[in-house]
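These are my notebook entries on one structure, written as I looked things up. I begin with a whole chain and then turn to single residues.

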Amino acid sequence: MTALETYRHLVRRYVTSTLILAAALTSLVITSLSVGTTHLGFKEIINYMLGLEVDTLHRGLIELRMVRTLAAALTGASLGVSGVLIQGVTRNPLAEPYILGISSTALSVVSLALIMNPSLINSRFEVVMISFLGAVLGFLLTLLLSRLGSSGFSLVLAGVAVTSISSGIAHLLLYLLQSILRIPYVYLLMGSTTSVLKSDIPILASVTLCGALVAVLMSKPLNAYVYGDEYSKQLGFNPRTTLLIATTATSLLTGSAVAVVGIVGFVGLAAPHIARYLVGSDHRFSSTASALLGANLVILSDIVVRAISSVSNLGELPLGVVTGIIGAPILAYLVLRRVRE
Amino acid sequence: MRLVVKGLRVEYDSKPVLKDAEFEVLSGELTFVIGPNGSGKTTLLKAISRLVRHSGGSIYIDGKDLKLYSYSELGRAFAYAGPEVFRAIPSTVMEFLLIGRYPHQSRMQYLESSKDVEVVEKVSHELNIRELLNRKLSELSSGELQRVLIARALVQEPAVLLLDEPAAFLDIRYKVEVLDIIKDLTKSRNLITLVANNDLHITTLYADKVLVLSDGRIVAVGGPETLTKELIEEVYKIKAEVIVNHNGRNFIIPIKHA
């Protein structure tokens, strides 16, 4: 195959994958709007989307479900982009916001802030900013701890340690906070879209869009960065700037997802790997594909959550349980493959 | 084109590793940089390509100080191929080669031009790696990887090509093949090529010019006849012998430790 054919093949694969992922996302959104204790027909939802007459009661229901569906999609996209960025700048395919302790530390810091000042709960924007700072702190802790080792695994092990400690702390703090939050704290520890408000969506959407834009603009620097600092430098990109911008974006994306939906693990691991399998590792292609995949994965998980609760009558499972069941085997597979190498 | 290096000094943690290096090389010249481990070969190549900061001295291309070059101009002027590349994030040879075109693209350019892809095509043909384009970097043999690393530097279409041990892991057949290619390209594209190398025999065979480093200092510069038994014995601290003198080039082999 010539270089031109190879290149055309890369671009074509990206376009096809994007179209398929977008189509999948659309059908998952429609399914998500229809699934729940009261099942709504697809026809009704399509009518709603086209702005046609819909039963008022059903309209209210669709609007409620729309909020959680959008929250799920945006969280998934955020985590998908975070995953690509953090894997790139750590040059480690096992990296993920949850595994590296970023999510749990963000949640601990948010809970601490809420204990000190419970009125913060009314300002979601401030909570997002605090969560962002927590995310930065978590990443720094993991980096500091991983300095003690040198293999690709030491970063992951350090992350697991930070995750364990800060999950414990978050557990304790959220337990104390239950009376203020008025939602079961497992929902924050393992993610849930039930507590998302309509007013949260613009915050989540703007952070997700900014993060995705940064990822797209940083594609070339990241492509050079993953091969080593020498490659960055001679192609005209400062590797430190790349590291700084990408980790800031990751922390912001993860922080906002944690502040609004809670911890949803393994999406940031699963989405980039599936994305690379589909479109290759060029960040121009993999970051947007990973965003779409993340959105698909989290909406799908949210549908599963609601489908289970509609038959079990035991209340909703946390979202993170489902994404964990999907994502953790991917981690296991990657670790096994790496050990064998 | 003429590359002039004047009084170049590099320090790592205020310890000098390159001391007042001075030399000139011309386009179309294949220069070998030799010297014992730790004598500063890699540092010299990296300082020229601006990968490490120099604490003193200047580098000029055709009289223009490199300080006046922008980042993308530097990217078009110099390409360095070292022995290392991170391969943990899976990517293909094609994706790796494409990054070499970035210095030729404008900041806002998102996709490659057809010229960019043609360059990749041409280089992969020259280095005989067309079959590897769709392979994963992590799946290549060390011989294949070395050709890919050189190809990436050539895709940058530099005026100055800096190769750090480009044939280290190759058997003699591939060594000769790769160095034939490097020599041909240096002539046909009129490149200034500097090769850091530890193989005296290969150096004698291919060098137009030899630059001998010892303890961070250039101790000899000149044609291949510069390599004498005495120089090699002194720099490498060995006993050596000239086995053949062919066309004024001394083929020297080590006999024993001094």
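**Ground rules.** I note that this is a predicted model, in which local features need pLDDT of at least 70 and side-chain atom pairs count only at pLDDT 80 or more, while totals for chains, interfaces and linings use all residues. Residues are numbered from 1 along each chain as its sequence is written, chains are lettered from A and ligands numbered from 1 in the order in which they are written, and side-chain values use heavy atoms, with hydrogens and water left out.

**Chain A as a whole.** I looked up the secondary structure and found 14 helices and 0 strands in chain A, where helices (H or I, at least four residues) and strands (E, at least two) are DSSP runs numbered from the N terminus. The radius of gyration of chain A is 20 Å, close to the 20 Å that the globule rule gives for 341 residues, so chain A is as compact as a globular protein of that length. That radius is taken over C-alpha atoms, and the globule rule is 2.2 Å times the number of residues to the power 0.38. Along its principal axes, the C-alpha trace of chain A spans about 60 × 50 × 35 Å.

I then read that 57% of the 341 residues of chain A count as buried (buried means under 20% relative accessible area, exposed over 50% and partly exposed in between, with a 1.4 Å probe and protein chains only). Of the contacts in chain A between residues at least 6 apart in sequence, 74% join residues at least 24 apart, a contact being heavy atoms within 4.5 Å.

**The open sheet of chain B.** In which order do the 4 strands of the open sheet in chain B lie? I found the order 2-1-4-5, with antiparallel pairing; two strands pair if DSSP finds at least two bridges between them. The edge strands are strand 2 (15–26) and strand 5 (64–65) of chain B, each of which pairs on one side only. Strand 1 (residues 2–12) of chain B runs antiparallel to strand 2 of chain B, and 8 bridges join them; Val4(B) has Glu24(B), in strand 2, as its bridge partner.

**A hairpin in chain B.** Strand 9 (residues 209–214) and strand 10 (residues 217–222) of chain B pair in the antiparallel sense over 5 bridges, and I noted that Leu211(B) is bridged to Val221(B) in strand 10. There are 2 residues between these strands, and Asp215(B) in this hairpin takes a positive phi near 50°.

Is Thr31(B), which I looked up next, buried or exposed? Thr31(B) counts as buried because its relative accessible area is 0%, and its place is in strand 3 (residues 30–34) of chain B. Not counting residues up to four places away in sequence, Thr31(B) touches several residues, among them Lys209(B) and Leu211(B).

Ala207(B) sits in the loop between helix 7 (200–206) and strand 9 of chain B, and it is buried, since its relative accessibility is 0%. Apart from neighbours within four places in sequence, Ala207(B) is in contact with Leu30(B), Phe32(B), Pro224(B) and Arg249(B).

Thr186(B) lies in helix 6 (residues 172–188) of chain B and counts as buried at 0% relative accessibility. Beyond its neighbours within four places in sequence, Thr186(B) has contacts that include Gly28(B), Leu30(B) and Thr193(B).
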